[in-house]
Amino acid sequence: ARENNLHPKDWTKKNIETMKNQLKLLGLSLDWDREISTCEPEYYKHQQEFFIELFKKKLVYKKDTYVNWDPAEQTVLANEQVIDGKGWRSGVAVERKKLSQWFFNIKKFSQDLLDELEKLENWPEKVKLMQKNWIGKSFGCEINFHIDSKKDKIKVFTTRPDTIFGASFIALSIDHPIAKNFEKNIEFIKFKKECSKSGTTEEALAIAEKIGFNTGLFALHPFKKEIKLPIYIANFVLMDYGTGAIFGCPAHDQRDLDFANKYKLNVLPVVRPNNIEPKNFKITDKAYTEDGILFNSDFLNKLTVREAINKSIDFISKKNIGEKKITFRLKDWGV
C-alpha cells in the first residue's frame with residue numbers, strides 16, 4: 001500500500017477483487033454468497049469475542065519483551081522475516097527493541113503436545129522429530145550461586161551440571177533483575193545500545209560477536225567456596241530460556257569459549273575423550289562437546305558424562321543448593 005501510495009483498505013479490497021476474478025476464471029464451484037473478509041468488522045468481532053474468552057481463562061497475557069525491529073519500515077518482524085540479521089524487504093540491519101506485546105500461553109501445554117505427538121500414527125517420523133525438537137524438552141537442574149559479600153543468589157538452569165568444575169564465569173541476561181542495578185552506569189548504557197544492534201533470533205545471537213559487561217560482582221562456586229566466578233551481563237543469554245542466567249564452562253561450550261577467550265577468562269577442561277589421557281588433552285579454539293570421561297572434577301572424576309550428570313544432580317539436591325528441573329524450548333506465542 002505504501003509503495004503504491006494507496007490506503008491499506010483500498011489496496012486490500014482491490015487485491016481481494018483481483019483474486020476473486022482469477023478464481024472465477026478457473027471455473028471453481030464456490031458459493032460466493034458465503035464469502036467473508038477477515039478485515040471487515042462483521043468478521044473480526046467474532047475474533048475479538050474469542051480473544052476475550054481466552055483472556056478470561058488466562059490463556060493470553062501482556063508483557064514487555066524484545067522484538068525484531070526494522071528501523072526502516074518502523075515495524076516488528078517475525079524471526080522468519082529476518083534474513084542474515086536484516087529485514088527481508090528493507091535489507092536494513094534489524095535491531096532489538098523492547099515493546100509491550102500480547103502472548104498466547106502455550107508453554108503450559110508443552111508436555112501435552114509431546115504426548116499427543118505419539119498418537120499421530122500416519123505422520124512422517126522426520127516431521128514428528130522436528131516437532132519434538134521445537135518443543136525441546138530438557139532435563140537438568142537449577143543451581144543456586146551465592147553472590148560474594150551479598151545475601152543475593154543467582155539461580156542458574158543447566159543441562160550439563162557435570163561440567164560445574166569447569167565453570168569460570170556467570171553470564172546474565174540483559175533483563176536479569178541484577179542488571180537493574182546498573183541502569184544508570186554509563187558503560188552499561190553503551191553496552192545495552194550495542195546489544196540492540198543484534199536481532200532476537202537464536203541464529204542472530206549465535207553468529208553475533210559475544211560481548212559482555214563486567215558487573216564487578218563475583219559468585220561463589222557451589223562446590224568450592226574458595227573459587228569466585230566473575231559475573232557478566234552477556235548479549236547471548238536470553239531471559240525467556242531457563243532463568244536468564246548460565247554458568248560458563250568454556251572448555252565444553254563453543255559460545256562460552258569464544259566469550260572466555262575475548263575476556264581472558266580461565267578455560268579448564270573437565271571432560272576428555274576415552275582414548276586421550278588427561279595430561280595430553282588441551283582446549284584451544286574449539287570446545288569439546290562430545291561424550292567422554294570426567295577429570296579435574298573432584299568426586300565426579302572417572303565417571304561418564306551421563307553418570308556425572310546424575311551424580312551431580314543428586315549431590316545438588318542433597319546439599320539443598322538446587323533441584324532437578326525440566327524445561328521446554330517452546331516459548332509463549334507472541335502476537
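1. K262 is partly exposed, with a relative accessible area of 36%, where partly exposed covers the range between buried, under 20% relative accessible area, and exposed, over 50% (1.4 Å probe, protein chains only). The model is a predicted one, in which local features need pLDDT of at least 70 and side-chain atom pairs count only at pLDDT 80 or more, whereas totals for chains, interfaces and linings use all residues. Residues are numbered from 1 along each chain as its sequence is written, and side-chain values use heavy atoms, with hydrogens and water left out.

2. K262 forms a salt bridge with E209, the closest N and O atoms being 2.5 Å apart; the term stands for a side-chain nitrogen of Lys or Arg within 4 Å of a carboxyl oxygen of Asp or Glu. K262 belongs to helix α7 (residues 254–262) and E209 to the loop between α6 (202–207) and β9, so the pair ties together parts that are 53 residues apart in sequence. Helices (H or I, at least four residues) and strands (E, at least two) are DSSP runs, numbered from the N terminus. E209 counts as exposed, at 53% relative accessibility.

3. The structure holds 15 salt bridges, and one of them pairs K13 with E40, with 2.9 Å between the closest N and O atoms. Since K13 lies in helix α1 (residues 8–25) and E40 in the loop between α1 and α2 (41–56), the pair ties together parts that are 27 residues apart in sequence. K13 is partly exposed at a relative accessible area of 39%, and E40 also counts as partly exposed, at 22%.

4. R89 forms a salt bridge with E73, where the closest N and O atoms are 2.9 Å apart. This pair links distant parts of the chain, 16 residues apart, with R89 in the loop between β4 (86–87) and β5 (95–104) and E73 in the loop between β1 (60–70) and β2 (75–77). E73 is buried, with a relative accessible area of 18%.

5. The largest nonpolar core has 48 residues, of which F145, I154, I170, I233 and F247 touch the most other members; such a core is a set of buried Ala, Val, Leu, Ile, Met, Phe, Trp, Tyr and Cys residues joined through side-chain atoms within 4.5 Å. Elements that each supply at least two residues of this core include β6 (137–146), β7 (153–158), α5 (186–195), β9 (212–220) and α8 (305–318), and α8 gives the most, with five residues. Apart from this core lies another, of 10 residues, among them Y232, V237, I246 and A260.

6. Leaving aside neighbours within four places in sequence, I233 is in contact (heavy atoms within 4.5 Å) with residues including L172, A179, F182, F188, F191, I211 and F213.

7. K264, in the loop between α7 and β12 (271–272), has a positive phi of about 55° although it is not a glycine, and K264 is exposed, with a relative accessible area of 74%. D298, in the loop between β13 (293–294) and α8, has a phi near 55°, again a positive value in a residue other than glycine.

8. F109 and L330 are 221 residues apart in sequence, yet 9.6 Å apart in space, C-alpha to C-alpha. F109 is placed in the loop between β5 and α3 (110–117) and is partly exposed, with a relative accessible area of 34%.
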